[in-house]
Amino acid sequence: MRALVVDDSAVMRKVLIGALSRANINEVDQAADGAEAVQAVQQNEYDIILMDWNMPNMLGIDALKAIREMGKTMPIIMVTTEAEKSRVLEALKAGATNYVIKPFEPNTIVGKIQEVLNKSKG
Amino acid sequence: MKAENINPFIESVYDLFSTMLNAKAERKNVGIAKSANPRDIMALIGISGRVRGMVALAFPVSTALAMVNKLLNTDIKIMDDTVSDAIAEMVNIVAGGAKAKLNTGNEKPLDLSLPTVVRGGDFSVDYPTNSVWIEINFDSDLGPFTLRVTFEPEK
């Protein structure tokens, strides 16, 4: 299993890599903005992506749309401070598989990762 | 600035501590900010949309290190880029949570800028015009810190 963690905060990427490790995913690439994420997806295959919303260069929501337009169907979990209902709906409509609002408890994100991976296997 | 506009920020601080830091924070005195930076390191983030304002979290070095070490399960002893990055993310989380709480109807969500971190007190913040910084001091399991919030006055 290979994951991509997209967040402009290196600290948040470390937190999310720790959560992926708890979900037994240890092969993880990192991207610091949406543009880097799109480039990474063009070059590699991922089983799951964790995506922030507010980032420089390209927003996570725009990267999500670009990745879906490429025909990629891997689970993408938005992990963001954007907590308004309209934002959640916008992301789900754009193809987000799930949505986690920061701040989160460690078990919450691990559970969401396992949940979407189990569904994608099914 | 109305109290109901401050409370979402205080609640967001509590949310941050209870979830990602597994610690408790307690609000202390509230007042008007007088100095540029009441602590050693401060992270600021802008809010824009139907209101414009700024949010800041300021920490003594000891609290900043304790928070980062709790978040990452590390033993960092000096201020470095990791600490600055973590402080920036914390103000992002607090501002993000608060702006959602401020959005009670179907208004367009407020937008957040990218956070900025400053160290020391040798700077000034003059934005927005004619507004004041409300300052709320906290004690916590990880040490004291200060939250500051300012909004452009409602017209």
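Predicted model: local features only at pLDDT ≥ 70, side-chain atom pairs only at ≥ 80, totals over all residues.

Biologist: What makes E1 and E3 of chain A a pair of strands?

Modeller: Pairing takes at least two bridges. Strand E1 (residues 2–6) and strand E3 (residues 48–51) of chain A share four bridges and run parallel, so by that cut-off they pair. Val5(A), for instance, sits opposite Leu50(A) in E3(A).

Biologist: Why are E2 and E5 of chain A said to stand at the edges?

Modeller: The sheet in chain A is open, with five strands in the order E2-E1-E3-E4-E5 and parallel pairing. Strand E2 (27–31) and strand E5 (98–101) each have a single partner strand, so one side of each has no neighbour in the sheet. From one strand to the next, the twist averages 20°.

Biologist: Which strands does helix H3 of chain A lie across, and at what angle to E4(A) does it run?

Modeller: H3 (residues 60–69) of chain A lies across E1, E3 and strand E4 (76–80), at about 175° to E4(A).

Biologist: How many residues of each chain are in the contact?

Modeller: Chain B puts in 20 residues and chain A 18, where a contact means C-beta atoms within 7 Å. On the chain B side, H1 (3–19), H2 (61–72) and H3 (81–102) each give two or more residues, and H3(B) gives the most, with ten.

Biologist: And what kinds of residues make up that side of chain B?

Modeller: Eleven are nonpolar, six polar and three charged.

Terms used:
Residues numbered from 1 in each chain as written. Chains lettered and ligands numbered in written order. Contact = placed C-beta atoms within 7 Å. Nonpolar A, V, L, I, M, F, W, Y, C, P; charged D, E, K, R; others polar. Axes fitted to C-alpha atoms, helices over the stretch in contact; angles between N-to-C directions.
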